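Subject: Structure for your review

Dear colleague,

Please find below the structure I wished to hand over to you. My findings follow it.

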Amino acid sequence: MKPLSHSERKSLIPHLHRTAAAIEQILEAGLTTASDATHQSFAVTFQEAARLKLLRLGSTLRNTQEEIARFVKDDPRFSQPRLMFFLNRSWLLCKGIEQSLDDGDDARLEQLFGTPAAKKIDTLRVVCLGVIKKIAAGTFCSFEFRLRSLDDGEYWTWSTVFPLRPGLEIPPEGFLHIPQKQKFSANLFLERQPIEITSAMAGETPLGHRKLQLTNESTVSAVEGSIDWTRYLHWKPAGARQRITQHEISPFEVDVELQEEVMFDDYMLRSAELRESDNQHVFPLNYLGTEFDVVVADSVEGESAKAALEAQVEKDDPPPLYGVLHYAKARLVVQPLTLFDDGQPNYITISEKAVDRKALLSVLNFR
């Protein structure tokens with residue numbers, strides 16, 4: 001990201017100060033004292049963070065707001081540990097960023113923002129291996145495309161977010177048909193074709209994740225060419241073990257930030273159990289004698305993946321499963337993304353429900 005201007009720095013500081021003070025008030029007097037002014041403080045700072053593209057701060061504040069709202073509404077999904085984690089993270093970020101702005105410490109600011117410095121790339125050819133779908137009902141839906149370079153095999157991601165109106169009755173996948181600023185639709189990545197991207201920006205996080213950022217000049221298009229999907233159907237656990245050993249824990253990380261893209265090609269999947277505390281269905285998976293928890297959300301977000309996995313339970317020779325592994329509460333947790341049926345990717349997080357074109361047009365008008 002580009003450095004903040006003097007006016008942007010000056011405008012951000014009071015928002016950070018008020019939000020940190022609101023958090024301290026909650027911790028001192030209890031969550032029941034959260035007032036409209038508290039919510040307003042979080043909301044305004046979140047909007048400012050979004051305007052300045054401070055993604056780590058913005059997502060942390062959003063998660064904090066979400067958990068407070070669940071408490072106020074007596075929502076059964078409310079999680080006290082999750083609230084405390086994001087309250088703590090929000091306070092650390094607000095105070096740390098405010099102090100770094102006061103000190104003029106740009107190196108520490110970049111570390112706290114968690115947004116990698118971007119470099120220009122002329123051309124990148126990729127294929128899509130899977131999609132992470134997130135749904136916050138009545139608020140937003142997001143899609144993170146897991147890409148692989150056709151030229152050097154490097155890992156890339158590209159994300160897009162859409163606002164959701166309360167009561168909207170089209171599946172989130174309908175938004176993938178809406179044209180982006182660069183005159184392509186995100187569902188292009190699901191066509192199982194090579195994709196060429198030009199005039200984009202790229203950044204790399206401290207954990208080595210390459211993130212693709214499109215500009216107004218970027219182009220995204222499908223190109224001719226065959227794809228040898230078999231080159232991606234493998235995974236070496238030794239590399240993951242080494243990264244865990246070398247990893248230094250940070251208070252700003254969430255569980256899913258230290259992660260691996262994994263491919264299971266010879267495994268046994270057992271029936272799922274509902275883990276109510278996490279609102280997840282958990283499929284035990286055995287791979288090379290090691291147990292993994294393959295999880296899908298107990299909501300519309302996880303419906304299509306759950307159905308696809310249930311069809312593989314107790315199969316002697318299931319198709320290769322691609323997903324994202326992270327580490328939580330001493331468990332190996334896998335978010336499943338794709339089954340490679342007959343050598344072709346089946347993006348199991350993406351629902352195949354038909355999109356109501358009339359409702360989709362109303363969304364276009366809304367936007």
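Predicted model: local features only at pLDDT ≥ 70, side-chain atom pairs only at ≥ 80, totals over all residues.

The pocket

The second largest pocket has a volume of about 750 Å³. Its lining comprises 31 residues, and those nearest the centre of the pocket are Tyr155, Arg243, Gln259, Glu260 and Glu261. By class, 12 of the lining residues are charged, 10 are nonpolar and nine are polar.

Four elements each contribute at least two residues to this lining: the strands β2 (140–149), β3 (155–163) and β7 (259–264), together with helix α6 (237–246). The largest share, five residues, is supplied by β7. In terms of domains, both domain 2 (118–227 + 354–364) and domain 3 (230–347) provide at least three residues of the lining.

The helix pair

Helix α3 (residues 55–72) packs with helix α4 (residues 80–103) at an angle of about 140°, and their axes are 9 Å apart. The crossing of α3 and α4 is left-handed. On the α3 side, the contact is formed by Arg56, Leu57, Thr60, Leu61, Asn63, Thr64, Glu66, Glu67, Ile68 and Arg70. From α4, the contributing residues are Arg82, Leu83, Phe86, Leu87, Arg89, Ser90, Leu93, Cys94 and Ile97. By class, this contact has nine nonpolar, six charged and four polar residues.

With kind regards

Technical notes. Residues numbered from 1 in each chain as written. Heavy atoms only, no water. 1 Å grid on protein atoms, 1.4 Å probe; cavity = no way out; pocket = protein on both sides within 12 Å on 5 of 7 lines; lining within 4 Å. Points joined across faces, edges and corners; volume = space filled by probe spheres on them. Nonpolar A, V, L, I, M, F, W, Y, C, P; charged D, E, K, R; others polar. Domains from an automatic or database assignment. Axes fitted to C-alpha atoms, helices over the stretch in contact; angles between N-to-C directions. Left-handed = near helix turned anticlockwise from the far one by under 90°. Contact = heavy atoms within 4.5 Å.
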